[in-house]
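Come along and follow the entries with me.

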Amino acid sequence: MQSPGASSFITQYIKEVGYDANLTTILDCIQMASELSKGRPMIQLKVTALMPAELLITLSKMYTYGGISIEQVAEAMYTPSLLYEVEGLPEAEIRQWCRGLERLREAGEFAQRKGVYILVDAEYTHMNPGISLAALAMMLNFNKDIPLIWNTYQCYLKEAYNAITADYATIMDKGLCFGAKIVRGAYINCEEEYAKRQGVPNPVCDSYKDTSSSYNRVVETMLHNISHCGEKCNIIVASHNEESVRKAIQGMEKLGIARDSGLVYFGQLLGMCDQVSYPLGQAGYQIYKSLPYGTVEETLPYLSRRAQENKSVLMGARKERSLLQRELRRRFLRF
Ligand SMILES: Cc1cc2nc3c(=O)[nH]c(=O)nc-3n(C[C@H](O)[C@H](O)[C@H](O)COP(=O)(O)OP(=O)(O)OC[C@H]3O[C@@H](n4cnc5c(N)ncnc54)[C@H](O)[C@@H]3O)c2cc1C
């Protein structure tokens, strides 16, 4: 019979094997992106695919209360033994963290060799500070000449503006490059429930209108930053919302940011809102289409969740259908 300690050791071992397998998939994606992409190759990376979410929750608390810095984590990616000096973590978690950082370093080094940009995804607020800690530490190691590593900012969060402006200042003060994926945010229902359970205020904006104002304000501010620092800062306006895309384009024009400069990308899911992506691409803007990679069983639930959460996609699908109907009428019935 196994002792409870032995069974949790085995469970953790199985999880670690899973994280190693995920790293192999990420390296495959980097390789494929470098071979297939005509423009700038980019991939998205979920930190929870490479280390335990529970660990990221613990790290989030430590980072928020000043128990660990991005400099320490950046150094520990190359010298993991430094993590044993960090107070407040049991040895088992330090081992998981060392391995997680090693995986991030491997992904970063391979991406650097292949010239593939990594967009680190944002997830739930109770683990996001830990994810940002990892993303910013990667920026310290890999963003010396170009913004190879980008962090994601969810504008449905009341704190989004403060978070992105603080991270931007931290990275620029070190003379490094900064990359940001700007999204509205995908975990709205879970955030509300989690806040209720914890008895804390909901971190999400009070209405869709507030989220949109927050989104447009963050994009506008980052466009101003780009107009000052040029190639050292890149952003991706990752949204299906036509009004936000239009506002970003107007901002670029006003500030003289060239469409094809590569300083600003527009991102949509592949197969969703193509009526937004294709005209943008034809007009010379830089487009990124996000493609989930995996088996049909793995990717279909992901895509159906994305379609449900996404007002603009549903409205876009209706618009796309009416555009197709109009085109068919024009071709076959000539009216
Ligand atoms: C390339 C790409 C990468 C992405 N990466 C991430 C990521 O790393 N992390 C992540 O969380 N999401 C990510 N997303 C998803 C994104 O956050 C949005 O969920 C999705 O794009 C829908 O927002 P929208 O701006 O496209 O469209 P819209 O349909 O205009 O906006 C819908 C969004 O508005 C917000 N919203 C809706 N109702 C309310 C309300 N009552 N109060 C407040 N806010 C509300 C929600 O965020 C909802 O998802 C990504 C999307 C793309 C295209």
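Entry one. In S4, I looked for the bridge partner of Thr152 and found Lys181. The model is predicted, so I read each entry with that in mind.

Entry two. I then checked how the two strands run: S3 and strand S4, residues 178-183, pair in the parallel sense over five bridges. Between them I traced helix H6, residues 160-173, and noted that S3, H6 and S4 make a right-handed β-α-β unit.

Entry three. Which strand pairs with S3 over two bridges? I found strand S2, residues 117-120, and this pairing is also in the parallel sense. Here Leu119 stands opposite Trp150 in S3. The chain crosses from S2 to S3 through helix H5, residues 128-142, and I noted this β-α-β crossover as right-handed.

Is S3 mostly covered or mostly open? I noted strand S3, residues 149-154, as mostly covered, with six of its six residues buried. Ile149, Asn151 and Tyr153 point one way from the strand, while Trp150, Thr152 and Gln154 point the other way, and all are buried.

I turned to the cysteines, and my search of the whole structure found zero disulfides. Cys29 counts as buried because its relative accessibility is 19%, and the cut-off for buried is under 20%.

Definitions and conventions: Residues numbered from 1 in each chain as written. Predicted model: local features only at pLDDT ≥ 70, side-chain atom pairs only at ≥ 80, totals over all residues. Heavy atoms only, no water. Buried < 20%, exposed > 50% of the residue type's maximum accessible area, 1.4 Å probe, protein only. Helix = DSSP H or I, 4+ residues; strand = E, 2+ residues; numbered from the N terminus. Pairing = 2+ DSSP bridges. Right-handed = clockwise from strand over helix to strand, strands pointing away. Disulfide = S-S within 2.5 Å.
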